[in-house]
Amino acid sequence: MSEKYLKAQPLETYVKGFSDYEIMQSVSRFKSTLTWRRSTPAKELHKKLVKEWTKRHGGKPIPSVLVENDMVFVWDKIED
């Protein structure tokens, strides 16, 4: 029987595994959250994501992407 363990790793190491799109998505989600609802861990993750983006792309701004909370789905009646 193999046992599985949760392995702790530094946040910087975790963030290095993010694709550019995942960084853009996470930063956009953070920015769309009301300031008073941002937790300390979310703020730390945001800082590490911005740092990783800067390592990869220098001074280029992080593009905003549409995140799930920005989308509204509406049922519409389709006429024949």
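## Surface and overall make-up

The model is a predicted one. Of the 80 residues in the chain, 20% are buried.

## Secondary structure and contacts

The chain contains three helices and zero strands. Read from the N terminus, its elements follow the order α-α-α.

Contacts between residues at least 6 apart in sequence were also examined: 75% of them join residues at least 24 apart.

## The nonpolar core

Nine residues form the largest nonpolar core: Val-15, Phe-18, Ile-23, Met-24, Val-27, Leu-49, Trp-53, Ile-62 and Val-65. At least two residues of this core are supplied by each of helix 2 (20-32) and helix 3 (40-57). Helix 2 provides the largest share, with three residues.

Ile-23 belongs to this core. When residues up to four places away in sequence are left aside, Ile-23 touches Phe-18, Leu-49, Glu-52, Trp-53 and Arg-56. Among these partners, Phe-18, Leu-49 and Trp-53 are listed in the core as well.

## Glu-52

Glu-52 is located in helix 3. Its relative accessible area is 9%, and because buried means under 20% relative accessible area, Glu-52 counts as buried.

With residues up to four places away in sequence again excluded, Glu-52 touches Val-15, Lys-16 and Ile-23. Of these, Val-15 and Ile-23 are residues of the largest nonpolar core.

How values were computed:
Residues numbered from 1 in each chain as written. Predicted model: local features only at pLDDT ≥ 70, side-chain atom pairs only at ≥ 80, totals over all residues. Heavy atoms only, no water. Core = buried A, V, L, I, M, F, W, Y, C linked by side-chain atoms within 4.5 Å. Buried < 20%, exposed > 50% of the residue type's maximum accessible area, 1.4 Å probe, protein only. Helix = DSSP H or I, 4+ residues; strand = E, 2+ residues; numbered from the N terminus. Contact = heavy atoms within 4.5 Å.
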